Amino acid sequence: LLLNRLKMSKRPNPITSFFGPAVKRVAQPVPAAPSTPELVPSTSEIVEETSVPETSVTESAGLRILGYVDIMERISLPLLDQEKAQLLQSGLYPPATFKYPFEVRTIQGKEERRFLRKDHLEKYPFLTFSISRNGLFCKYCVFFADINTLTSQNEGKPINLLNAPMQKYGRMTGANGFLTSHMETLYHKASVTKVADFLKQMKNPTVTIASTLDQEYRKSVEKHRLRLKSIITSIIFAGKLGIAFRGHRDDGRLEVVDEVDEIDARSGNFRAILQHTARTDIVLQEHLKECTLNASYISKTAQNELIGCIGKQIVKKLRDDVLQARFYAIMADETTDIARHEQLTLVIRFFDGSRVREEFLGFSTVKDMSGEEISDSILARLRELDIPLDTMVGQCYDGAAAMCSARVGVQKRIQG
């Protein structure tokens with residue numbers, strides 16, 4: 001009889017027992033800290049698990065997840081990225097039979113119970129309840145915040161929702177609530193961004209961090225190009241009309257106006273054109289309202305830089321037209337400006353296939369009016385534009401000796 005009892009005690013559990021209904025498990029109570037209000041420990045309740053449908057059961061790295069996972073227990077084990085993504089997107093609500101804890105608060109001599117409810121977890125998707133730690137945690141910050149650095153910055157004290165459970169259920173929401181304050185912290189906002197990037201990467205593995213940054217850079221460039229487009233168009237418009245840009249007062253922020261009679265004409269033609277354009281141009285309107293003073297692109301310095309860039313593009317297009325026409329002639333003349341500087345005007349003449357064109361190439365300051373100085377200035381300008389000299393078929397000047405002399409004149413030096 002004794003031998004039979006020993007054999008029965010050594011009999012292993014049948015394999016079918018692992019697939020039977022779940023049994024009752026009693027968790028040991030977690031004592032509350034002396035400094036915290038009286039709490040009803042959730043782990044002291046008897047939780048009877050019900051059978052879980054097959055669709056809610058997943059397996060990863062040998063772990064069988066049955067609807068609820070204790071993040072604070074799971075994080076101590078090796079975690080695959082796929083499982084981390086699943087935990088971040090899942091509600092991780094305690095079982096249906098779980099009795100949510102409450103905080104007992106005394107208000108005007110009367111005890112009140114403030115319960116943690118499931119709708120708290122549903123409203124704030126970053127929240128999860130840890131049965132092992134008997135409190136709330138922010139799973140976004142648990143996974144992505146630099147907890148060690150934050151703890152050291154907090155004089156070594158644990159931080160609620162990161163490495164210490166939040167158990168004050170009476171003051172979670174509202175203006176000064178614990179959850180409200182937590183959501184305003186920089187590390188939580190950074191964690192939210194990291195979670196979004198991580199889930200996006202998991203959904204589309206081909207989108208790398210480098211390509212994401214490149215896309216953001218491209219969006220920023222395109223945004224600023226759209227803003228500059230209206231400003232450049234206004235500069236071209238004023239240039240085509242040959243009107244002055246600046247006015248009596250053209251510094252500072254440019255106000256967006258609704259009516260034409262509100263445009264400030266004293267600030268100059270350029271700023272007046274911008275104000276008129278912004279009335280119907282939403283992109284320019286937003287730029288003028290949101291830009292800082294050092295990034296408005298409408299200051300006198302920015303105007304000169306943009307005029308220079310536009311001028312370079314005009315000359316580049318002109319050079320391409322000359323090269324396509326192949327043969328050309330030049331016309332030049334000199335004059336003295338009001339500052340008594342000798343200015344040389346250079347014009348190029350060519351046939352573009354349909355008509356004869358005469359285009360202005362620019363002014364050049366010369367030291368004197370000698371044939372050598374003028375010819376050197378003309379040749380330097382043509383070389384600067386990369387226009388070949390061997391396709392020049394004509395020169396046109398006035399009758400001055402410095403220009404037409406057969407020995408030292410400009411025409412002779414350029415021919416030679």
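Student: Okay, how far apart along helix α12 are K316 and D320, in helical turns?
Tutor: An α-helix has 3.6 residues a turn, so residues three or four places apart point the same way. K316 and D320 are four residues apart in helix α12, so their separation is about one helical turn.

Student: What is the distance between the closest N and O atoms of K316 and D320?
Tutor: Side chains of opposite charge can pair when their charged atoms come close. K316 counts as partly exposed because its relative accessibility is 48%, and D320 counts as partly exposed at 31%. The two form a salt bridge, with the closest N and O atoms apart by 3.7 Å.

Student: What span should helix α12 have, and what is the distance between its end C-alpha atoms?
Tutor: Helix α12 covers residues 300-325, which is 26 residues.

Student: Which residue just after α12 takes a positive phi?
Tutor: Inside α12, the buried residues include L306, I310, L318 and V322. Just after the helix, a positive phi of about 80 degrees turns up at R326.

Student: Is R357 buried or exposed?
Tutor: R357 forms a salt bridge with E359, the closest N and O atoms being 3.2 Å apart. E359 is partly exposed, with a relative accessible area of 25%. The cut-off for buried is under 20%, and R357 has 12% relative accessibility, so R357 counts as buried.

Student: Which residues do salt bridges that share partners join into one network?
Tutor: The pair R357 and E359 is a salt bridge, and both residues belong to the network.

Student: Which residues make the nonpolar surface patch of about 270 Å²?
Tutor: One of them, L241, is found in helix α9, residues 209-241. The patch is made by F237, L241 and I243.

Student: Over which residues does pLDDT stay under 50?
Tutor: The chain averages a pLDDT of 79, and 82% of the residues score at least 70. Where pLDDT is low, the predicted coordinates should not be read in detail. The stretch with pLDDT under 50 has 58 contacts beyond four places in sequence in the model, and it covers residues 5-66.

Notes: Residues numbered from 1 in each chain as written. Heavy atoms only, no water. Patch = residues over 30% accessible without salt bridge, like charges linked within 9 Å, V, L, I, M, F, W, Y side chains within 5 Å. Areas by Shrake-Rupley, 256 points an atom, 1.4 Å probe, with all protein chains shown as cover. Salt bridge = Lys/Arg side-chain N within 4 Å of Asp/Glu carboxyl O. Helix = DSSP H or I, 4+ residues; strand = E, 2+ residues; numbered from the N terminus. Expected span 1.5 Å × (residues − 1). Buried < 20%, exposed > 50% of the residue type's maximum accessible area, 1.4 Å probe, protein only. pLDDT = per-residue confidence, 0-100. Contact = heavy atoms within 4.5 Å.
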